[in-house]
Amino acid sequence: MHTTQKHTVRFAQTLLFVLLMLTILCASASAAKRYDVLVQGALDVELQPLIKALEGRKVVQLDAWTFWTGRIGKKNVVVSRTEVGPLNAAAATAIGIRYFHPRILINQGTAGGHNRRLKLWDIVVGERTIDFSGVRQAHGDAGSGVRIERWEPMHNRLRIDGREQITFQNFPGDESLVKAALKIPYARGQVVAGNIGSAFHYSRELDYIDWVRRVYKTDSEDMESAFSAGIATAMHVPFVAVRIISDTEWEHPTFERIAGEYCAEFVVQMIRALP
């Protein structure tokens, strides 16, 4: 090969290598960018106002979970569709934190009422979230029936930073985020601080709901908040859950999908108001 040709080939190879490295570095920088807020919802109806509010919106698909990035006001925001249930919530939260490095995490959406003082459209801000699916049963003989009076709570344990296991009876919401949510104007109902319960349940028996309320001190129930909170706690990300009452078995047993949009609109205002 002619010397000039050799130099040309080497130059082309070097240029290709540099371009490849720049592509890798850009991809890594994009993945390592720190976002101000990661906000979650399980259902599309809980996400649309948030997605519409994103300026410069881009879609990021990470395995089974979809994320949208952009800006709301002056904040760099990631909107996460966790999908429904504990498995999805925990996985989407861990993946979202690892990939987007959020400064705070907000889990939001619809919830069924447990506290009979709550009405349709009321919003509960999670001073605490609790997994009420954890149950330890006392022995019952065959034929003695299923009796919830034999049940007692069983709580989650985490080994934070690989150290000694800590039992979490609940997961506290970040105080500054709770205060910020309680300051947002809201005309559809009341905004209260409370204990948000989560389990892979759609509870419709009033006796059972009253038992959960009495034992776990829950104000509402959903299928994701406490599980996202547990992962956020383990990964050191300030967390708050914001849930709107979409149905109550004692007064309004029909699930109102529009509640998801109302809650997301509230959270858009909250994000804009955050310092």
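Residues are numbered from 1 along each chain as its sequence is written, and side-chain values use heavy atoms, with hydrogens and water left out. As the model is predicted, local features need pLDDT of at least 70 and side-chain atom pairs count only at pLDDT 80 or more, while totals for chains, interfaces and linings use all residues.

**Cores**

Let's start inside. A nonpolar core here is a set of buried Ala, Val, Leu, Ile, Met, Phe, Trp, Tyr and Cys residues joined through side-chain atoms within 4.5 Å; buried means under 20% relative accessible area, exposed over 50%, and partly exposed in between (1.4 Å probe, protein chains only). The largest such core has 34 residues, and V39, V79, I106, V242 and I271 have the most contacts inside it. Helix 7 gives the most to this core, with nine residues. (Helices, H or I with at least four residues, and strands, E with at least two, are DSSP runs numbered from the N terminus.) There's also a second, separate core of 23 residues, which includes F67, V78, V124 and V237.

V79 is worth a click: leaving out residues up to four places away in sequence, V79 touches V39, L47, L50, I51, L54, T66, F67 and W68. Contact means heavy atoms within 4.5 Å.

**Rings**

A search of the whole structure turns up 10 aromatic pairs. Rings of Phe, Tyr and Trp (its six-membered ring) pair if their centres lie within 6.5 Å; planes under 30 degrees apart are stacked, over 60 edge-to-face, and the rest tilted. Here are two of the pairs.

| Pair | Centre to centre | Angle between planes | Type |
|---|---|---|---|
| Y99 and F100 | 4.8 Å | 70° | edge-to-face |
| Y186 and F266 | 5.7 Å | 85° | edge-to-face |

Elsewhere, ring pairs tie F132, W151, Y208, W211 and Y216 into a cluster.

R188 has its charged end 3.5 Å from the centre of the Y262 ring, and R204 lies over the face of Y202 at 5.9 Å from the ring centre.

**Buried glutamates and a glycine**

E249 lies in the loop between strand 14 (239–247) and helix 7 and is buried, with a relative accessible area of 15%.

E224, in the loop between strand 13 (220–222) and helix 6 (225–234), is buried at 4%. Its side chain makes a polar contact of 3.3 Å with the side chain of R243.

Finally, G126 lies in strand 6 (residues 123–131) and is buried, with a relative accessible area of 1%. Beyond its neighbours within four places in sequence, G126 is in contact with G173, V178, G194, I196, V240 and A241.

Technical notes. Lys NZ or Arg CZ within 6 Å of the ring centre and 35° of its normal. Polar contact = N/O pair within 3.5 Å; in protein donor to acceptor, adjacent residues only side chain to side chain.
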